[in-house]
Amino acid sequence: MRYLLPSLVLVAMLAMLMLRGYVHSEILADHRVRPPVATDQVPDRILDGGPVIDARSAAAPAKSLSIPDGRLVLTFDDGPDPQWTPKVLDELKKYDAHAVFFVTGTMASRYPALVKRMVDEGHEVGLHTFSHPDLSYQTRTRTNWELTQNQLALAGAAGVRTSLFRPPYSSFADAMDNKSWPVTRYIGSLGYITVLDSVDSEDWKRPGADRIVEWATPKGHRGSVVLMHDSGGDRSQTVEALGRYLPAMQERGFRFVNLTEALGAPSALTPVTGADLWKGKAWVAAVALSDSVTDVLVVGLAVIGVLVLLRFGLMLALSFAHARKVRRRGFRWGDPVTEPVSVLVPAYNERECIANTVRSLMESGHPIEVVVVDDGSTDGTADIVEEMWLPNVHVVRQENAGKPAALNNGIAHARHDIIVMMDGDTVFEPSTVGELVQPFGDPRVGAVAGNAKVGNRDTLIGAWQHIEYVMGFNLDRRMYDLLRCMPTIPGAVGAFRRQALERVGGMSDDTLAEDTDITMALHRDGWRVVYAERARAWTEAPESVQQLWSQRYRWSYGTMQAIWKHRGALVERGPSGRFGRVGLPLVSLFMVLAPLLAPLIDVFLLYGLVFGPTQKTIVAWLGVLLVQAVCAAYAFRLDRERMTHLISLPLQQILYRQLMYVVLLQSWITALTGGRLRWQKLRRTGVVEAPGSVPAPRGPSGERRPVA
């Protein structure tokens with residue numbers, strides 16, 4: 001159930017895109033136009049008759065109807081258009097002329113107010129199909145769908161249905177052929193009158209207003225159906241021509257009337273009520289929503305594009321500067337730090353990992369004491385450590401109170417002024433502690449972040465997390481180090497000055513991300529927080545989607561809590577204000593907003609692949625992937641990692657990012673609904689060891705045995 005709501009949001013986003021694509025003729029549109037064929041199956045009375053065909057009666061032959069002399073039925077196709085239709089309506093109103101608008105469902109759905117204005121001002125409305133296909137290519141099912149959807153749009157826009165129909169790509173009656181005639185008969189059987197034209201202004205050619213007037217003028221006083229367009233391109237010449245055509249024809253004695261008025265028939269429009277009316281209104285509302293949502297998505301895509309480029313640009317530039325700074329010959333933080341330090345290992349049910357963790361610390365090249373704080377474990381974690389009988393390793397037992405309480409208890413039992421914190425599922429290299437504490441040679445440094453690395457990277461999900469750690473975490477830390485606003489000291493490998501911890505009140509349980517919370521508190525207190533790239537720690541990453549989801553859910557929700565807790569820094573002065581106005585916005589943009597919007601790239605990728613433009617979509621997505629690959633490759637080079645794991649980067653961007661999106665969205669939902677997320681223990685296997693360490697012996701059943 002936890003995946004359901006975020007997944008529904010993704011589905012809804014794609015559904016809105018598809019609906020928009022449908023009403024913009026990007027989906028299911030068929031733009032084929034059949035060339036003329038033989039006419040021997042079309043009755044002569046139709047070929048030689050008038051522009052109106054009534055084939056509604058199954059018992060009688062189809063009738064051909066003509067417009068009485070002195071009357072002009074002015075028709076407009078392909079609208080309504082938000083730019084040109086209002087101007088056409090203004091000209092008609094100016095000369096008290098009526099017309100018939102053959103609207104497409106796509107346009108009527110998008111601009112319902114214009115359809116309503118047509119009806120309110122006394123014009124007739126006819127169907128021109130929903131998406132403007134050549135019906136001679138379509139099945140009867142598709143034809144029914146085109147008409148039904150067109151009527152649905154009319155019902156939602158103006159509360160009416162119509163009995164008038166004009167086929168797309170139609171012309172005069174004598175152009176009816178053996179392919180279009182069966183379609184006309186079938187549509188007649190559905191209760192529609194087919195309206196062709198007898199005078200074509202050919203305004204779609206944009207020949208100039210004079211030519212349009214000339215071509216739209218019938219011979220003598222002959223009644224005619226005149227074809228014009230109020231959509232489908234630039235119709236400025238049509239509007240200009242109307243300003244001359246309407247008064248000129250009226251001066252010649254013509255009346256501009258609706259079709260049914262010209263034929264002396266009842267109105268073609270009938271009111272829609274009940275369920276059909278509400279279905280129509282719901283459809284129009286859904287289309288409006290899809291356009292609005294799509295506009296928001298497009299803005300979001302632009303925002304994420306800017307954020308991606310900004311973040312990667314900053315990461316590349318600042319990580320390069322950071323590497324040059326700390327790797328130059330003779331670089332030192334200050335006087336070498338050689339005094340002993342305390343290493344705190346909070347542990348809760350870490351039976352599988354704790355022996356490896358403690359044993360790795362015994363190989364440390366820096367003098368240490370180890371304080372293992374057992375937080376009420378029920379699996380014998382504390383017993384395992386005690387049975388190892390290792391020097392300078394102390395076990396502190398407490399009732400289960402959570403990680404922050406365990407760390408504070410460890411601080412109280414620690415004897416030294418520099419305190420290293422690590423997780424119970426993490427192993428250190430022999431040089432890790434020494435590298436981690438050297439920045440404390442600078443008295444301004446209050447905390448140091450180490451280089452956390454994924455130890456179990458041989459699975460696909462492990463490889464994806466390995467890429468994320470090297471690129472997304474450690475490259476970020478180089479950037480944040482130079483900007484002096486590092487948001488998080490990782491729980492797996494971090495060090496603190498005791499004085500700094502005491503000044504901010506120690507570890508807090510106000511949030512689920514105590515490591516982020518304490519880091520932000522140190523920034524606000526004026527301490528520098530830096531990154532030690534050579535202080536490597538190997539941690540066991542989650543090996544299942546469920547475990548990964550639980551971990552990242554806690555991280556992302558805890559980060560949001562920490563940002564909210566320290567929001568006051570935005571308006572404060574001094575170091576706190578600097579962090580509030582630099583650090584908090586960057587963390588919010590790059591760790592909360594950008595990941596939330598990132599799936600838009602993939603939503604538009606999927607949409608573009610299926611509905612086009614496919615080539616441009618692929619090129620754009622590959623461009624984004626290339627930028628990410630360059631950053632990832634540089635991060636791997638800085639960390640001296642093998643590039644082979646980057647083979648899975650494209651798949652990571654498609655699949656892994658969606659999981660992270662679900663996690664972040666669920667965290668937002670939890671935060672906005674006032675939900676409370678509890679800390680969840682991850683299941684560990686104890687497979688991670690520091691490179692080059694001696695593996696612990698295994699028992700007969702294959703379990704790790706602690707080494708004394």
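## Crossing helices and a cavity

Select helix α16 (residues 460-483) and helix α22 (residues 614-638): their axes come within 9 Å and cross at roughly 80°. Helices here are DSSP runs of H or I with at least four residues, numbered from the N terminus. Axes are lines fitted to C-alpha atoms over the stretch in contact, and angles run from 0 to 180 degrees between N-to-C directions. α16 and α22 are therefore roughly perpendicular to each other (angles of 65 to 115 degrees).

This is a predicted model, where local features need pLDDT of at least 70, side-chain atom pairs count only at pLDDT 80 or more, and totals for chains, interfaces and linings use all residues. Residues are numbered from 1 along each chain as its sequence is written, and side-chain values use heavy atoms, without hydrogens and water.

Next, show the side chains at the crossing. On α16, pick H466, I467, V470, M471, L475 and R478. On α22, pick Q628, C631, A632, Y634, A635, F636 and L638. Contact means heavy atoms within 4.5 Å. By class, this contact has 10 nonpolar, two polar and one charged residues. Ala, Val, Leu, Ile, Met, Phe, Trp, Tyr, Cys and Pro count as nonpolar, Asp, Glu, Lys and Arg as charged, and the others, Gly among them, as polar.

Now move to the largest cavity, with a volume of about 70 Å³. A cavity is a set of points on a 1 Å grid over the protein atoms alone where a 1.4 Å probe fits but cannot get out; lining residues have an atom within 4 Å of a point. The volume is the space filled by probe spheres set on the points, which are joined across faces, edges and corners. Select L407, M421, G491, M507 and D515, the closest to the centre of the largest cavity among its 13 lining residues. Then colour α18 (514-524); α18 gives the largest share of the lining, three residues.

Technical notes. Helix = DSSP H or I, 4+ residues; strand = E, 2+ residues; numbered from the N terminus. Parallel < 35°, antiparallel > 145°, perpendicular 65-115°, else oblique. 1 Å grid on protein atoms, 1.4 Å probe; cavity = no way out; pocket = protein on both sides within 12 Å on 5 of 7 lines; lining within 4 Å.
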